[in-house]
Structures are given as structure tokens and as C-alpha cells.
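Hi everyone, thanks for coming.

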Amino acid sequence: GVRGLIGGAAHITGGGLEANVARILPSHLVAQFSWDWPVPDIFAVIQKSGDVDVDEMRRVFNMGVGVALVVPKQRVNKVAQTLPDQSLVIGEVRSRENAGG
């Protein structure tokens, strides 16, 4: 399992990835998401048929992510090996002062 390998976990519910992951990080850190992972096809259907803005899709539907793990950089490969079909890197945690825009 991944016990002992992760720094934190967030169940992604209302508020989306950004708000839920922010709750488990110290105030001097911020998560930056790549938003480039494979998204289940159903989300494209919802977005198109409902004419939903991409920011709202990310906030409401999380683009298919149900749980986010915060993992120290040196342990990412080990977690990926432990959960090969259930994990992917979706961003990184940075200090707030170096986060950029």
C-alpha cells in the first residue's frame, strides 16, 4: 500500500481540486495543477451539451479526479508503482511565493 509514502490525501468533493487540496496544505504552500490528464469522455459531452465553462467544469466535476494524494517528490515513482492503474501526476506543490501565475 501507499501508507507512509504520502504526505496527505484529499477527497475531491464540492469546490473542486483547488479548494479541497488547499485544505490539506500548510498556508505557505499551493498546489498547481497541469489540467492535462486524460479526462473521461462523459465530461466533454456534459460541457458541450450544457454549454458549461471550463472553469466551472473543473470546479464541479474535477475532470475525473476523485482523490488527490500529496506525495513528496522523491516518493512519486514508488506511489505510481504501487498504484499503477489508479494514479497519475496532475500537478505539483510549490511555495506560495514561487508559485507564479
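How many salt bridges does the structure hold? The structure holds 1 salt bridge, where a salt bridge is a side-chain nitrogen of Lys or Arg within 4 Å of a carboxyl oxygen of Asp or Glu. The side chains that meet in it belong to Arg94 and Glu92, at 2.4 Å from N to O. Arg94 is partly exposed, at 33% relative accessibility, and Glu92 is partly exposed with a relative accessible area of 33%. On that scale, buried means under 20% relative accessible area, exposed over 50%, and partly exposed in between, with a 1.4 Å probe and protein chains only.

A word on what we are looking at. This is a predicted model, in which local features need pLDDT of at least 70 and side-chain atom pairs count only at pLDDT 80 or more, while totals for chains, interfaces and linings use all residues. Residues are numbered from 1 along each chain as its sequence is written, and side-chain values use heavy atoms, with hydrogens and water left out.

How confident is the predictor? pLDDT is its confidence in each residue, from 0 to 100. The protein chain has a mean pLDDT of 87, with 95% of its residues at 70 or more. Confidence is highest in helix α2 (residues 41-50), at a mean of 94, and lowest in strand β1 (residues 8-11), at 84. Helices (H or I, at least four residues) and strands (E, at least two) are DSSP runs, numbered from the N terminus.

Now, the helices. Asn20 is found in helix α1, residues 16-22, and is buried, with a relative accessible area of 5%. A polar atom of the Asn20 side chain lies 2.7 Å from the backbone oxygen of Gly16. The side chain of Asn20 also joins that of Arg23 in a polar contact of 2.7 Å. A polar contact is a pair of N or O atoms within 3.5 Å; within protein, one must be able to donate a hydrogen and the other to accept it, and residues adjacent in sequence count only if both atoms are side-chain atoms.

In helix α2 we find Lys48, which is exposed at 73% relative accessibility. Lys48 and Ala19 are 29 residues apart in sequence and 25 Å apart in space, C-alpha to C-alpha.

Next comes the loop between α2 and α3, where Asp51 lies. Asp51 has a positive phi of about 50° although it is not a glycine, and Asp51 is exposed, with a relative accessible area of 72%. At the start of helix α3 (residues 54-61), a side-chain oxygen of Asp53 comes to within 2.9 Å of the backbone nitrogen of Asp55. After α3 comes Asn62, with a positive phi near 60°. Is Asn62 buried or exposed? Asn62 is buried, at 6% relative accessibility, and sits in the loop between α3 and β3.

β2 (29-33), β3 (67-70), α4 (76-82) and β4 (91-95) each supply at least two residues of its lining. The largest share of that lining, 4 residues, comes from β3.

Note on methods:
pLDDT is the predictor's confidence in each residue, from 0 to 100.
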